[in-house]
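Subject: A structure for you to look at

Hello,

Here is the structure I promised to pass on. Please have a look at it first, and then read my notes below.

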Amino acid sequence: VYSLDGLLVFGLLLVCTCAYLRKVPRLRTWLLSERRGVWGVCHKAAVIGTRLHVAVAVSCLLMAFYVLMGK
């Protein structure tokens, strides 16, 4: 997370992971029910991931090509 590339990758992975965890019913009530603090950040990332799933998927693909080919 020491460069802009790492920060973007971390953010994308956080959004994708939280959106995936939101789809699992037992984990949704256990992890993503709180809307404040650290779990609130995960809740907000899950909402972003589910509402903007096309944009998140395209940005993940672009970041994967950048990391594999650009670096």
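How much of the chain, in percent of its 71 residues, counts as buried? The figure is 23%. Please keep in mind that this is a predicted model.

The mean pLDDT of the chain is 86, and 96% of the residues reach 70 or more. Confidence is highest in helix α4, at a mean of 91, and lowest in helix α2 (residues 25-31), at 76.

Now the overall layout. The chain has four helices and zero strands, so to speak a plain α-α-α-α order from the N terminus on. Its C-alpha trace spans about 40 × 25 × 15 Å along the principal axes. If you count contacts between residues at least 6 apart in sequence, 61% of them join residues at least 24 apart. The chain exposes about 5700 Å², and carbon and sulfur atoms supply 71% of that area.

Helix α1 covers residues 4-23, which makes 20 residues. From its first C-alpha to its last it reaches 29 Å, close to the expected 28 Å. Its buried residues are Asp 5, Leu 12, Val 15, Cys 18 and Ala 19. These pack against α3 (37-51) and α4. Which residues of α3 are buried? They are Gly 40, Cys 42, His 43, Ala 45, Ala 46, Val 47 and Gly 49. This buried set packs against α1 and α4.

Helix α4 (residues 53-70) deserves a visit of its own. Cys 60 lies in this helix and counts as partly exposed because its relative accessibility is 25%. Leaving aside residues up to four places away in sequence, Cys 60 touches Leu 12 and Cys 16. The C-alpha atoms of Cys 60 and Leu 8 are separated by 9.6 Å, although the two residues are 52 apart along the chain.

Finally, please look at the surface of the model. Leu 61, Phe 65, Leu 68 and Met 69 form a nonpolar patch there. Together they have about 520 Å² of accessible area. Phe 65, another residue of helix α4, counts as exposed because its relative accessibility is 54%.

Best wishes

Key
Residues numbered from 1 in each chain as written. Predicted model: local features only at pLDDT ≥ 70, side-chain atom pairs only at ≥ 80, totals over all residues. Heavy atoms only, no water. Patch = residues over 30% accessible without salt bridge, like charges linked within 9 Å, V, L, I, M, F, W, Y side chains within 5 Å. Areas by Shrake-Rupley, 256 points an atom, 1.4 Å probe, with all protein chains shown as cover. Salt bridge = Lys/Arg side-chain N within 4 Å of Asp/Glu carboxyl O. Helix = DSSP H or I, 4+ residues; strand = E, 2+ residues; numbered from the N terminus. Buried < 20%, exposed > 50% of the residue type's maximum accessible area, 1.4 Å probe, protein only. Expected span 1.5 Å × (residues − 1). Contact = heavy atoms within 4.5 Å. pLDDT = per-residue confidence, 0-100.
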